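I opened the coordinates today and kept notes as I went. The entries below are in the order in which I looked things up.

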Amino acid sequence: MTWSEQTAEIILATETGLTMIDPVTKNSREFSIIQGIGSIGMVLDSILYFVDYFSVLSALNLSTMTFKTAIVDSIKGEQGRMAINSKHFAYAKYLSWDSDTMYLYDFATGTEKPLTKGMPCLFSPDGSKLLFIREDNFYSYDLQTQSVELVTEVFTHTLSTPPKTMRWRPEGI
């Protein structure tokens, strides 16, 4: 479930597509998607980005109801292996030759680029850094300098998936 500021609607993912509900009028509208919705990402400028059940990043313009599929494919979208903010979408891919690399999709330019080995967790509040997991430790990736910094050393739990709740502190990590 997510909220669209532009269309003032609650957006729910269903097995067959999307339901958009106006909380004031209680009116709803449906958009059927054969491949189903795996997870809802974010609404940016009236465009809803989401990952479908076939691990493809797709987009739906909520104003015109036009659909664009396969923006990015082979996404490892299960178990929280994605991070999203108003500028970027970070994810790992299902690629037999490159299974541990994180990728970054830039919404403004429509480009995708590999970052480093790891599993994305969370963008910093200002969007300049990406917290990720590699070899059971947390690292920070600086999007501007492309540098990697170790955040934890010898974490006591195996981190096959990111913790359910994570937050950046005001002073940083």
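These notes go from the whole chain to single residues.

**Entry 1: the chain as a whole.** I note at the outset that this is a predicted model. I looked up the secondary structure and found 16 strands and zero helices in the protein chain. The chain has 173 residues, and 43% of them are buried.

**Entry 2: the core.** I looked for the largest nonpolar core and found a set of 13 residues. Leu57, Ile75, Phe89, Tyr91 and Tyr105 have the most contacts inside it. Strands E6 (47–52), E7 (57–61), E10 (88–92) and E11 (101–106) each give two or more residues to this core. As a general note, nonpolar side chains tend to be buried together in soluble globular proteins.

Leaving aside neighbours within four places in sequence, Ile75 is in contact with residues including Val51, Leu57, Met82, Phe89 and Tyr91. The list for Ile75 also holds Ser55, Lys93 and Tyr94.

**Entry 3: aromatic rings.** I found seven aromatic pairs in the structure. One of them is Tyr105 with Phe107, an edge-to-face pair with 5.6 Å between centres and 80° between planes. Tyr105 is buried at 7% relative accessible area, and Phe107 is buried at 12%. Elsewhere I noted that ring pairs link Phe31, Phe50 and Phe67 into a cluster. I also looked for charges over rings and recorded Arg134, whose charged end sits over the ring of Tyr139, 5.0 Å from the ring centre.

**Entry 4: the salt bridge.** How many salt bridges does the structure hold? I found one. The partners are Glu9 and Arg29, whose side chains meet at 2.8 Å, N to O. Glu9 belongs to strand E2 (residues 9–14) and Arg29 to strand E4 (residues 28–32), so the pair ties together parts that are 20 residues apart in sequence. I checked the exposure of both partners. Glu9 is buried, with a relative accessible area of 7%, whereas Arg29 counts as partly exposed at 26%.

**Entry 5: the loop between E5 and E6.** I went to the loop between strand E5 (37–44) and E6, where Ser46 is found. Is Ser46 buried or exposed? At 11% relative accessibility, Ser46 counts as buried, because the cut-off for buried is under 20%. Not counting residues up to four places away in sequence, Ser46 touches Gln6, Leu60, Asn61, Leu62 and Ser63.

Asp45 lies in the loop between E5 and E6 as well. Asp45 counts as exposed, at 64% relative accessibility. The phi angle of Asp45 is near 50°, a positive value in a residue other than glycine.

**Entry 6: a positive phi at Lys26.** I also noted Lys26, with a phi near 70°, a positive value in a residue other than glycine. Lys26 lies in the loop between strand E3 (17–21) and E4. The relative accessible area of Lys26 is 63%, and the residue is exposed.

Notes. Residues are numbered from 1 along each chain as its sequence is written. Side-chain values use heavy atoms; hydrogens and water are left out. A salt bridge is a side-chain nitrogen of Lys or Arg within 4 Å of a carboxyl oxygen of Asp or Glu. Helices (H or I, at least four residues) and strands (E, at least two) are DSSP runs, numbered from the N terminus. Buried means under 20% relative accessible area, exposed over 50%, partly exposed in between (1.4 Å probe, protein chains only). A nonpolar core is a set of buried Ala, Val, Leu, Ile, Met, Phe, Trp, Tyr and Cys residues joined through side-chain atoms within 4.5 Å. Contact means heavy atoms within 4.5 Å. Rings of Phe, Tyr and Trp (its six-membered ring) pair if their centres lie within 6.5 Å; planes under 30 degrees apart count as stacked, over 60 as edge-to-face and the rest as tilted. A charge sits over a ring if NZ of Lys or CZ of Arg is within 6 Å of the ring centre and within 35 degrees of the ring normal.
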